[in-house]
Amino acid sequence: IRDSTSQESLLMKLEKTIYKVFKINYDATCYISNGVRNYLSNSNDKGRSFTIYNPIDFNQDVNKECKLHKLIGVSDDVPIIGTSCRIAKVKNPKMFTKVMCRVLQANHRAHAVVIGDGELGLKQAMENLVMEANVSSRFHFLGYRQDAPELVRDLNCFVLTSTSEGLPTSILESMAGKTPFAMMEGNGGLKDIADLNREEGPIGVVAPIGDIESLSKMICDLIDNPDYAQVLANNAYNLGCRYFDVEIACSQLHNIYNVILK
């Protein structure tokens, strides 16, 4: 992450500056991801430091009901790709849209969705890119939805193009729902997912940050090879049970408190 300073958000830089200026001697420090831990940890950490991931409940119903297909009015066998997030600069919405448009241009049956709302200016910029690519009829902005987790389970591929994340919870939710995912390797917790994909995967498809062409091709390959996509989804689910399940986090927190209080 220290080699990717050009991708640091203003908030990340501000947090790191504050962390350096206001020196507090902690007995222990707990980080949300190893990527954040490596970025923020320095000589201020006089005590011990730990990483505990924000947990997701992996003991949930993962049945796919094609609710999303019904919502946008397509048959159950139509491939749908997309994301569920707040439309904000850190999510890299323009890059996401360019990737989606490339996939839709390559696969004339596929549809793309954005589940979530956000900054009007960014949304307008996304809509302009969709119009320029001539794929408006297959690109759907669904706005804020309380049933977003159910809709994400129906995706053929969940896509994330964020430049930085403390921990990409949306990817963990995709793992828990056995939804194949594609992402760009950015900063913070994105590094953790990319490292796990290399070391214990494959659990998804990961492209270098900014590489629109590679990510688009990887997504197209997943759509064209649903059996392999399901293998990745199953691998991701099993890995998530080992690292990100709520029971794991509870056990880790219990152990940390025992260590600190001794």
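**Backbone, salt bridges and aromatic pairs**

Asn92 counts as buried, at 16% relative accessibility (buried is under 20% relative accessible area, exposed over 50%, partly exposed in between; 1.4 Å probe, protein chains only). The model is predicted: local features need pLDDT of at least 70, side-chain atom pairs count only at pLDDT 80 or more, and totals for chains, interfaces and linings use all residues. Residues are numbered from 1 along each chain as its sequence is written, and side-chain values use heavy atoms, without hydrogens and water.

The protein has 262 residues, and 50% of them are buried. Its secondary structure comprises 11 helices and 10 strands (DSSP runs, H or I of at least four residues and E of at least two, numbered from the N terminus).

Backbone geometry was examined next. Asn92 has a positive phi, near 60 degrees, although the residue is not glycine. Its place is the loop between strand E3 (80-84) and helix H4 (93-106). Lys178 also has a positive phi, near 55 degrees, and is likewise a residue other than glycine. The loop that holds Lys178 runs between helix H7 (169-176) and strand E8 (181-185). With a relative accessible area of 25%, Lys178 is partly exposed. Most residues other than glycine have a negative phi, and most peptide bonds are trans. The bond between Gly201 and Pro202 is cis, with omega at about 15 degrees. Pro202 belongs to the loop between helix H8 (189-200) and strand E10 (205-208).

Charged pairs were then searched. The whole structure contains 10 salt bridges (a side-chain nitrogen of Lys or Arg within 4 Å of a carboxyl oxygen of Asp or Glu). One of them links Lys191 to Glu185, at 3.9 Å from N to O. Lys191 is buried, at 19% relative accessibility. Asp147 pairs with Arg145, and their closest N and O atoms are 2.9 Å apart. Asp147 is buried at 10% relative accessibility. Arg145, at 26%, is partly exposed. In Asp221 and Lys217, the closest N and O atoms of the salt bridge lie 3.2 Å apart. These two residues are 4 apart in helix H9 (residues 212-224), so about one helical turn separates Asp221 from Lys217. Asp221 is partly exposed, at 34% relative accessibility. Lys217 is exposed, at 54%. Elsewhere, salt bridges with shared partners connect Lys67, Arg145, Asp147 and Glu150 in one network.

Aromatic side chains were searched too. In one of them, the ring centres of Tyr243 and Phe244 are 6.2 Å apart and the planes meet at 45 degrees, so the pair is tilted. Tyr243 is partly exposed, at 28% relative accessibility. Phe244 is buried, with a relative accessible area of 0%. Together with Tyr53, both residues form one aromatic cluster.

Helix H11 spans residues 246-261 and includes Leu253. Leu253 is partly exposed, at 36% relative accessibility.

Notes. Rings of Phe, Tyr and Trp (its six-membered ring) pair if their centres lie within 6.5 Å; planes under 30 degrees apart count as stacked, over 60 as edge-to-face and the rest as tilted.
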